[in-house]
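Visitor: Could you take me through one part of this protein slowly and carefully? I would like to understand how a single residue sits among its surroundings.

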Amino acid sequence: MGDTQNDLTLEEIGKIAGVSRSTVSRVLNNHAHVRPDVRARVEEVIEETGYLPNQAARALVSNRTGLIGLVMATDVDELFGDPYYSALVHGIQEGSSASGSVFSIFPVYGQHGETVVLSTLVARGFVDGVIITAGPGSERLIGALRQRGKRMVVVGHPVDDRDLVRVDVENRAGSRSAVSHLIGLGRARVGFVGPTAKYVFGVERIAGYRDAMAEAGRPIDDDLIRLDEPTTEGGYRAATAVLSSRPDALHVATDPMAVGAFRAFREHGVAVPDDIAVVGFDGLPRAPSTEPSLTTIVQPVSDVGRTAVELLQGEHPEPQVVVLPTHLHIGDSCGARRTSGRSV
């Protein structure tokens with residue numbers, strides 16, 4: 001009976017196992033009122049005949065479905081338009097394939113507001129566990145999953161990070177190295193454009209900016225700091241506002257914001273890197289390009305996705321934080337590749 005026969009009916013499975021169709025149905029639905037010896041016999045027939053896909057057949061015996069729920073604390077447009085999520089999904093796909101699992105995406109927001117992501121599939125055990133992205137709106141979801149005792153790995157840094165398994169990147173250290181790089185190039189008025197405080201990663205990145213300024217003995221000028229949404233339009237608004245304070249360097253804490261900042265510079269006749277040196281943060285594949293090319297802090301988002309899958313599938317994942325390193329990628333926007341002027 002080793003060949004897969006997915007066209008078998010419940011009646012035929014029951015006939016092979018010597019039970020009724022309703023008994024097979026109760027076994028498939030994990031009904032409590034089935035004798036252990038009968039359950040074992042039906043599960044054995046299901047396994048041998050391949051009545052269900054291998055993942056589901058194994059789930060009857062192991063109580064594991066092989067399905068991961070990826071809960072994205074974002075709307076559908078951002079999910080499919082932001083290169084960050086594209087890279088994260090790519091890493092999760094690779095990690096799932098390597099472990100013989102599959103995953104399904106549950107966006108939090110749709111065209112008509114918040115969606116019901118804690119659906120039957122998530123809440124009733126049809127998934128082995130959940131990977132959830134941290135961000136505004138994720139607190140309620142994380143709290144609900146925590147309350148249900150659902151196996152969960154969080155990508156990023158939520159406000160409430162108690163007793164979680166998390167994967168993150170060096171946000172603070174990455175921004176510190178970006179600003180130190182700009183200071184090392186001899187720039188005198190180094191500013192910061194980044195996300196508002198509702199984004200914890202933005203809080204960490206502005207902390208890195210302050211760390212680097214303090215290490216260099218530079219005072220913090222609040223006029224050189226502007227916060228907005230971590231989008232192209234947010235970067236455009238923030239950069240436009242900060243230009244009145246005449247910075248000669250700017251750490252823009254997300255690459256989409258940097259794209260918006262470049263538009264603001266062009267409109268105001270500010271040349272990069274002659275008038276202002278720029279270092280971003282992300283370095284993602286498929287991200288929009290800038291002219292000149294962007295110097296940026298590269299975060300290994302695909303590695304984050306793969307690591308999240310590995311942690312989720314561990315036997316008994318204990319609360320922990322895995323932080324992956326970032327690195328500085330030199331482009332043309334900071335002036336470091338030049339051989340004259342203020343570059344090094």
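Guide: Val304 is found in helix H13, which covers residues 301-312, and the model in which we look at this valine is a predicted one. Val304 has a relative accessibility of 4%, and because buried means under 20%, Val304 counts as buried. What lies around Val304, once its neighbours within four places in sequence are left aside? Val304 is then in contact with Leu88, Val155, Val167, Val169 and Leu324.

Among the contacts with a separation of 6 or more, 67% are between residues 24 or more positions apart. The secondary structure comes to 13 helices and 13 strands, and of the 344 residues in the protein, 48% are buried. The accessible surface comes to about 16,400 Å², and carbon and sulfur atoms account for 51% of that surface.

For another view of buried residues in a helix, consider H2, made up of residues 21-28, where Thr23, Val24 and Val27 are buried. These residues cover an arc of only 100 degrees around the axis, so they lie on the same side of H2. As a general rule, an α-helix has 3.6 residues a turn, so residues three or four places apart point the same way.

Key: Residues are numbered from 1 along each chain as its sequence is written. This is a predicted model: local features need pLDDT of at least 70, side-chain atom pairs count only at pLDDT 80 or more; totals for chains, interfaces and linings use all residues. Side-chain values use heavy atoms; hydrogens and water are left out. Buried means under 20% relative accessible area, exposed over 50%, partly exposed in between (1.4 Å probe, protein chains only). Helices (H or I, at least four residues) and strands (E, at least two) are DSSP runs, numbered from the N terminus. The arc is that of the directions from the helix axis to the C-beta atoms. Contact means heavy atoms within 4.5 Å. Accessible areas come from the Shrake-Rupley method with a 1.4 Å probe; for residues, only the protein chains shown count as cover.
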